Amino acid sequence: MEVQSPLKNDGGRKKVIEDEKERGASRHLNLQEVDGQHSYPRKRKSKVASTATLTPGLDLPPGAMLALVPPPPGTMNVLSLNCRGCGRPEAVQEIHQLVVEKKPAVVFLMETRMGEEKALGLARRLGFQNAIVVKSEGLSGGLMLMWHGNVMVAELTKSRSHIDVILSCDHLKISHWRLTGFYGEPRWERRRESWYLLRFLRAQSSDPWLCLGDFNEVLAMEEQMGANEREMWQVTAFQDVVNDCALTDLGFHGLPYTWDNRQEGGRNVKVRLDRALGDNKFMELLGGSEVFHLPTTESDHAGLLVEVRHQEPGAQTRRRRHKPFRYENMWKTRGDYHEFVNRTWDPGPGSANLSTVANALSALQGSFKSWDRDIFGSVTKKVKELRAKLEEERRHTLYRGPTDRERSIMAQLTEVLAREEVMAKQRSRITWLREGDRKTEFFQAKAKPRSKTNRIKLLMDVDGHVFTDQEDLERLTGDFYQRLFSAQDELLPDLVCKHVPRKVTPVMCELLGAPFSEQEVEEALFCMAPNKAPGVDGFNAGFFQTHWDLIKGAILHGRDVLARGLIKRVGPRNISIWEDNWIPGVRPLKPLVRMPRTTVERVRDLFISGTRVWNEAVVFGSFMVLEVAEVLKIKPSTLIEEDLAPVMRPAPAKAKWEKPSPGWFKINTDAGFDRESNSGSAGVVIRNEAGLVAGGSARWIENVPDTLTAEAMAAREGLELVVELGLDRVILEVDCQELSKLLLSQNSISSCIEGLCFDIIELGKMFSEFCIRWVRRDANSVANFCASIVSPTDRCHFWFDNVPGWLVVLADAHCNLAMNQ
């Protein structure tokens, strides 16, 4: 990408300057307040004093297109802070907290007091891939501009007082704009040099311009509260340069000052030194931008957050994901923690075993959630609350020093941030630092890359198709490991064992097979790092180490379970056939539908009475044919009374098919694909507004190159059936995200299934009303089942006048009856 400079020659510069003079109008500078925001109208415009040549071209850093911190649609956050030194862990922790909470795409830091190498290391710890650094001069100064990969940045100029860049971001409907991080001269006798620099920067480009930072000056006398009133000539000099550069103050939300000397009594001074200024083009194109003052504790300056946007933000709704239970080591820092656990722990009557401890852990999960929410409280929310209280308290102390309440709030905030350090360490999995070392920013820097590394965003199947939907990712992962750990058909174990040398000797076998002693179990537990990943129950090794005396008896009981061969059991006697996950060979690990006239409720009812042998007559009468085969593959345990209840992860909520609006018909299609034979299958189900099946089909397809083609062929066949039925208002639902995106694309379709997509769109034009939707696989399960019943020997089924009973039952079981009633 290349951005050409509009100021490549002197004539261009003169034209820009003349245009600005023609647009200017003489105005008096006075303070206005509109809707709780302060702003300053421009006074007059004068000729720009200096000019310079802008080097054209945009230098993109590696990975510039990776969007790691997605801002809200149409918004880009920019954070500015005079941090007064970044060498202290407390300062870095506070900056990191602001970055996590406000999610800025660009951060400008002043007074870093760091060399270039340390500054770049700080940027990496804060999670930024790119940075421009101006190193400090001795123990003062230092600037740094950091940005994420979803922002493209071209450096223009920099000095010890500024960093000037061109930005481009897909989140804003503007090709590029200009950002200048500015730091005004702290000494008043040299402040005119800053104003000369600002006029010089104004002449460098006519792009929309945002200039923000610590200007070390005020635009009105009212912006300073307390002692040491400023000289009027200093204020006037700043007013003049703002008007000469045609800049407008963006105003602010929050406290009316950004710097506090934190002195006592009459010596206290509070001033608004930090601000954001925009030129005419910026206000015209990005006039919806807002500025927020963020109170801090480590720096005497407030942070400046600029939300750059085109218009006022609308209400945003996000679907919250279910958060699984996770034990937090920081809970132990509260004084009444051990009393709460001892009071809540209830393994029930009788001797402790794995079943009772599993039930007790499950009950403790719910108690911990309530205790964390009602008593311990969210660390993140507590930090926000304390920051809000600190801001409110400081609002009432504009003309005096910190009060006792303000100091108390700051102490509480420090304590809560220490808890955050423990939480951050647990997520980082770092084991060689202890709590209290004030290394939260290090822990966070370790946890963030781990989270990004562990998050799977997309997967590619064997046919080269890319999937991003969570359900598809789970399916592909399961299929991959199923193939990986399945034995090859031609494998001969006896032949392999004959030629592979034996490594485990009989003595070693005897040692490995010996019963575990209590000392061995305890040593193994306490060798684990407390912060390691928890099990499926959410409890990590730190919990079991802390409460070993409480649960030791039940855990040691597991030694006998291992000796009896727990691997052979089908599950506990109280497993529900229809609710629990217990059939490993089917998805979603339970029967797809309950057959009519079925009376069995528990797995134990499927055995011949008094034995552990499957009652095949009951099994065949209770499940579909495909499920019967998987059930009979399960090996029951040899004991009836010794079954143990596993700690099972709850099944995710299933999506169900939803009925269309009155007068509409909904057609669901799905396909299967066999890569080895290049063949597949198509399933179609047509239902009306009441959820009743109006027709359907299942057909075997030959010469299919890939899954996407099979899905498109199934969709086309479904529409052809609807046309034959003479239906008028139709909704086509598919669970293939790639196909739905191709069909809904406004651009011309150019893919390997272009012809099929064209056919589908043309068929859709034959209806008076037609729409295409993507649905989750759970909501498309009936069509999926129809596609699975055909084979090369049983190739085709069509159902119109005589819909089979099993299809009616299956469709009814997977219909969301609460919809559209």
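Strand β11 and strand β14 (residues 269-271) pair in the antiparallel sense over three bridges. Two strands are taken to pair if DSSP finds at least two bridges between them, and both helices (H or I, at least four residues) and strands (E, at least two) are DSSP runs, numbered from the N terminus. The structure is a predicted model, in which local features need pLDDT of at least 70 and side-chain atom pairs count only at pLDDT 80 or more, while totals for chains, interfaces and linings use all residues. Residues are numbered from 1 along each chain as its sequence is written, and side-chain values use heavy atoms, with hydrogens and water left out.

The pairing of β11 with β14 belongs to an open sheet of three strands, ordered β11-β14-β13, in which the pairing is antiparallel. The edges are held by β11 (224-226) and β13 (259-260); each has a single partner strand, so one side of each is left without a neighbour in the sheet. Gln224 has Val271 of β14 as its bridge partner.

A second open sheet contains six strands in the order β25-β24-β21-β22-β23-β26, and its pairing is mixed. Here β25 (769-774) and β26 (796-799) are the edge strands, and because each has a single partner strand, one side of each lacks a neighbour in the sheet. From one strand to the next the twist averages 15°. Strand β24 (residues 729-734) pairs with β25 in the parallel sense over six bridges, and Arg729 has Glu769 of β25 as its bridge partner.

Helix α20 (residues 707-725) lies across β21 (665-674), β22 (679-687), β23 (693-701), β24, β25 and β26, and runs at about 145° to β21. Axes are lines fitted to C-alpha atoms, for helices over the stretch in contact, and angles run from 0 to 180 degrees between N-to-C directions. Helix α20 also packs with helix α22 (residues 754-764) at an angle of about 25°, their axes being 9 Å apart. The two helices α20 and α22 are therefore roughly parallel to each other (angles under 35 degrees count as roughly parallel, over 145 as roughly antiparallel, 65 to 115 as roughly perpendicular and the rest as oblique). Contact, meaning heavy atoms within 4.5 Å, involves residues including Ala712, Leu719 and Val723 of α20 and Leu756, Ile760 and Leu763 of α22. The residues of this contact of α20 with α22 comprise eight nonpolar, one polar and three charged. In this classification, Ala, Val, Leu, Ile, Met, Phe, Trp, Tyr, Cys and Pro count as nonpolar, Asp, Glu, Lys and Arg as charged, and the others, Gly among them, as polar.

Helix α4 (residues 191-202) packs with helix α5 (residues 232-244) at an angle of about 5°, with their axes 9 Å apart; α4 is thus roughly parallel to α5. Among the contacting residues are Arg192, Trp195 and Leu198 of α4, together with Trp233, Phe238 and Asp244 of α5. By class, the contact of α4 with α5 has six nonpolar, one polar and five charged residues.

Most residues other than glycine have a negative phi. Ala246, in the loop between α5 and β12 (247-249), has a positive phi near 55°. Lys103, in the loop between α2 (89-102) and β4 (106-110), has a positive phi of about 50° although it is not a glycine. Ala246 is buried, with a relative accessible area of 3%, whereas Lys103 is partly exposed, with a relative accessible area of 45% (buried means under 20% relative accessible area, exposed over 50%, and partly exposed in between, with a 1.4 Å probe and protein chains only).
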